[in-house]
Amino acid sequence: MKVSINVTLPDTLSWDEERLIAANGYGREMVFKRIVICPSRPLKKVMGFHPATTLHISWDSSIGRNEARSDFREYLLSRAVPPDLKKRCEVLFDNADAIDEEGTLIT
């Protein structure tokens, strides 16, 4: 069974910072170690609207959230994400609700 979380990046990030984290582009899944990351970004045609990128991160329930967090941290390190942004992303990961395929909240 899969467990997933959604990490919404701050909408104040620059285009370069978002591209650094969303390496493969939007809507494309990327497997990194034991996690799957799929960035998405809503399309809006509103003047001055800066949509926030969301990272859909999933993993097999045979590994725990701590192992998934460790893989996510290594992903950010591999992308050379600046330390302050890496820390913000880790906090967002920690605060995101984990949900299994049946929609049950995992604590």
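## What covers helix H2

Let's start with helix H2 (residues 65–78) and its neighbours in this predicted model. The buried residues of H2 are covered by, among others, helix H1 (15–21), S2, strand S3 (35–40), strand S4 (54–60) and helix H3 (83–95). Contact here means heavy atoms within 4.5 Å. Helices (H or I, at least four residues) and strands (E, at least two) are DSSP runs, numbered from the N terminus.

Which residues of H2 are buried? They are Ala 68, Asp 71, Phe 72, Tyr 75 and Leu 76. Seen down the axis of H2, its buried residues fall within an arc of 145°, so they line one face of the helix. That arc is taken from the directions from the helix axis to the C-beta atoms. As background, an α-helix has 3.6 residues a turn, so residues three or four places apart point the same way.

For burial, the cut-offs are under 20% relative accessible area for buried, over 50% for exposed, and partly exposed in between (1.4 Å probe, protein chains only).

## Length and end of H2

The expected span is 1.5 Å times one less than the number of residues. Just after H2, Ala 80 has a positive phi of about 60°.

## The sheet

Six strands make an open, antiparallel sheet in the order S2-S3-S4-S1-S5-S6. At its edges sit S2 and strand S6 (105–106), each pairing on one side only. Two strands pair if DSSP finds at least two bridges between them; S2 and S3, which run antiparallel, are joined by three.

H3 lies across strand S1 (2–8) and S4, at about 130° to S1. Axes are lines fitted to C-alpha atoms, for helices over the stretch in contact, with angles from 0 to 180 degrees between N-to-C directions.

## Two residues to look at

Val 31 belongs to strand S2 (residues 30–32), and its bridge partner in S3 is Val 36. Val 31 is exposed, with a relative accessible area of 64%.

Thr 54, in strand S4, counts as buried at 14% relative accessibility. Leaving aside neighbours within four places in sequence, its contacts include Asn 6, Val 7 and Cys 38.

## About the model

Residues are numbered from 1 along each chain as its sequence is written, and side-chain values use heavy atoms, leaving out hydrogens and water. Because the model is predicted, local features need pLDDT of at least 70 and side-chain atom pairs count only at pLDDT 80 or more, while totals for chains, interfaces and linings use all residues.
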